[in-house]
Amino acid sequence: MNAERLLQHYERIADAPDALARLRRFILDLAVRGKLVPQDANDEPASELLKRIAKEKARLVKAEEIRKPKAIPTQQEAPFPIPANWRWSQLAEIGILSPRNDAPDTLQASFVPMPMIATEYGVTNQHEVRPWGAIKKGYTHFAEGDVGLAKITPCFENGKSTVFKNLTGGIGAGTTELHIVRPLFVDKDYILLFLKSPEFIETGILKMTGTAGQKRVPTEYFAFSPFPLPPLAEQRRIVAKVDELMGLCDRLEVAREAREATRDRLAAASLARLNAPDPETFQADTCFALEALPALTTRPDQIKALRQTILNLAVRGKLVPQDAKDEPASELLKRIAKKRAALLNAGYPNPDEARTQIKKLNEQSVPDSLDALPQGWAWATLLQCSGLVIDCKNKTAPYVGSGIRLIRTTNVRDGRMNLNDQKYVDQKTYEIWSARCTPEPGDILITREAPMGEVCLMPPGEKICLGQRMMLARLVPDTIDPNFMIYSLRDPNLMDRVQDKPIGATVQHLRVGGVETLLVPLPPLAEQRRIVAKVDTLMALCDRLESSLTATAVTRRRLLDALLAETLAPVDTREMEVAE
């Protein structure tokens with residue numbers, strides 16, 4: 001067995017997705033295949049162990065200590081090869097299933113609810129202390145050294161199984177959703193690692209019965225699934241080796257968490273200096289952060305934090321320098337108002353909607369006590385920045401199999417329009433739902449719910465229908481850079497700029513007025529374009545970081561797969577055979 005090579009290279013794969021979880025599963029898989037420790041010809045073979053178990057069972061039956069067990073079914077096809085001195089068995093053969101405990105009602109015993117049953121290998125279950133008379137009826141019995149398996153989903157899928165230890169009074173009871181086996185001359189911890197092994201759990205998931213909401217591991221699977229039985233001496237060597245390797249995994253996990261914590265602190269410190277900049281050191285801090293963050297970035301959430309910092313800096317005027325020669329935003333807003341008035345007075349996009357937009361514009365206002373903005377910037381509402389802002393028809397549109405795309409809140413994420421669970425409407429529905437305004441390429445789409453405040457630009461060549469909880473903002477041509485507005489609306493602190501706060505007891509959503517009166521920190525048009533160029537450059541850096549992260553993860557995963565496959569290969573295949 002080539003486990004040493006795997007451990008030698010572990011540092012190279014430690015940051016692979018689920019590396020430690022996979023390593024733990026792999027250790028258990030090797031253990032039950034006979035590939036974790038060498039065999040010893042001096043060990044009593046498993047065949048003799050089975051004879052001793054059968055003799056003990058016969059004695060217990062004769063003494064009327066247990067009922068006569070049911071007949072053991074014919075062994076299924078062996079799922080994998082095992083060493084020559086092992087034997088395929090079944091839990092029903094090597095132990096007593098669902099045992100009962102006899103004790104005085106006054107005895108203080110252990111009660112173990114389902115949540116207290118251990119998930120991880122080697123973790124001892126917790127328990128409560130209750131009188132035996134209070135728990136002996138209606139609950140599953142077990143005793144010190146018995147092995148239990150949670151039979152329901154998702155507990156079974158999460159590996160909830162345990163060796164019952166340190167029980168008050170030596171016995172206990174717990175949830176009825178437990179399979180119990182009391183081992184006879186078989187190491188209890190070896191049975192546990194078998195119950196947590198990938199082969200047993202993955203096959204068991206396929207065997208579960210019941211409804212989708214509440215499936216159970218059948219008693220037949222627990223009792224009669226193939227159980228790879230080593231000699232007793234080897235069982236103990238396997239358990240000792242698994243304990244050793246799981247201890248190593250624990251140390252590796254602690255080391256990895258320490259590395260991640262250090263990276264997180266350094267990355268957070270770098271981003272904090274940007275979010276609360278010192279004017280004298282800001283440029284140096286920015287250069288340092290952008291140079292250092294690639295080395296500190298190992299997870300997607302860290303790149304997300306960098307993207308959010310970039311957007312926040314952009315809308316605060318901290319990303320590019322101001323230029324006194326730029327036309328100020330106050331003049332830009334005057335030009336927008338003049339062009340918008342001409343359009344609306346001419347009945348654009350239709351007379352009714354034009355009157356509605358004019359009325360709402362007359363109600364717009366900007367609070368006096370707002371944060372100071374950079375030179376040349378001005379505060380305005382989204383409606384003041386736009387030609388018009390339109391709410392959707394707040395009713396679920398009738399779907400058809402194909403036709404015109406209906407853009408719902410699920411179709412707008414991370415600044416883009418997507419095809420997630422795409423729905424369609426026919427031409428008649430499209431016309432009714434677009435009566436206020438027909439969506440056009442370049443329009444800004446805004447979600448009011450699930451989640452609030454996702455935005456994107458409607459791409460060229462698209463024909464869409466606006467779905468429920470969606471809004472549309474159309475900028476006046478040649479005034480505000482649409483990409484700047486998208487970046488501004490993607491500011492992680494956007495909700496701080498909402499005047500008409502979100503409502504909803506369970507699922508919060510933005511009011512229509514909350515979108516229309518959303519406060520926008522508006523720079524001069526020339527600076528908008530410089531900001532967009534800078535953000536585009538930095539977002540491209542984030543894209544490269546993500547690609548690098550993905551490529552590194554793939555490389556680590558492939559290396560891990562190769563090392564696991566190499567480790568699984570026996571040193572001498574002649575040592576292995578399918579035991580009869």
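Predicted model: local features only at pLDDT ≥ 70, side-chain atom pairs only at ≥ 80, totals over all residues.
**Entry 1: helix α13**

Residues are numbered from 1 along each chain as its sequence is written, and side-chain values use heavy atoms, with hydrogens and water left out.

I then checked the span of α13, residues 329-345: its 17 residues reach 24 Å from the first C-alpha to the last, close to the 24 Å expected at 1.5 Å a residue. The expected span is 1.5 Å times one less than the number of residues.

For burial I used relative accessible area with a 1.4 Å probe and protein chains only: buried is under 20%, exposed is over 50%, and partly exposed lies in between. In α13, I found A329, L332, L333, I336, R340 and L344 buried. Viewed down the axis of α13, these buried residues fall within an arc of 95°, so they line one face of the helix; the arc is that of the directions from the helix axis to the C-beta atoms. K334, K338 and N345 are exposed on the other side of α13.

**Entry 2: helix α12**

G317 follows α12 and has a positive phi near 75°.

**Entry 3: whole protein and cores**

I recorded 19 helices and 25 strands in the protein. Buried residues make up 48% of its 580 residues.

The largest nonpolar core has 53 residues, and I94, I191, L193, L195 and V242 have the most contacts inside it. Such a core is a set of buried Ala, Val, Leu, Ile, Met, Phe, Trp, Tyr and Cys residues joined through side-chain atoms within 4.5 Å. A second, separate core of 52 residues includes W377, A380, L475 and L538.

I also listed the contacts of I191 (heavy atoms within 4.5 Å). Leaving out residues up to four places away in sequence, I191 touches L91, I94, V147, V181, P183, V186 and F227.

**Entry 4: strand β20**

I found five of the five residues of β20, residues 444-448, buried, so this strand is largely enclosed by the rest of the structure. I444, I446 and R448 point one way, and L445 and T447 the other.

I counted two strands as paired if DSSP finds at least two bridges between them. β20 pairs with β21, residues 452-457, in the antiparallel sense over four bridges, and L445 has C456 as its bridge partner there. Three residues lie between the strands of this hairpin, in which A450 takes a positive phi near 55°. β20 is also joined to β23, residues 470-475, by four bridges, and the two run antiparallel. L445 stands opposite L472 in β23.

**Entry 5: strand β16**

Which residues of β16, residues 404-407, cover each side? I found I404 and L406 on one side and R405 and I407 on the other, all buried. β16 pairs with β19, residues 423-425, in the antiparallel sense over three bridges, and with β22, residues 464-466, in the parallel sense over three bridges. R405 has Y424 as its bridge partner in β19 and stands opposite I464 in β22.
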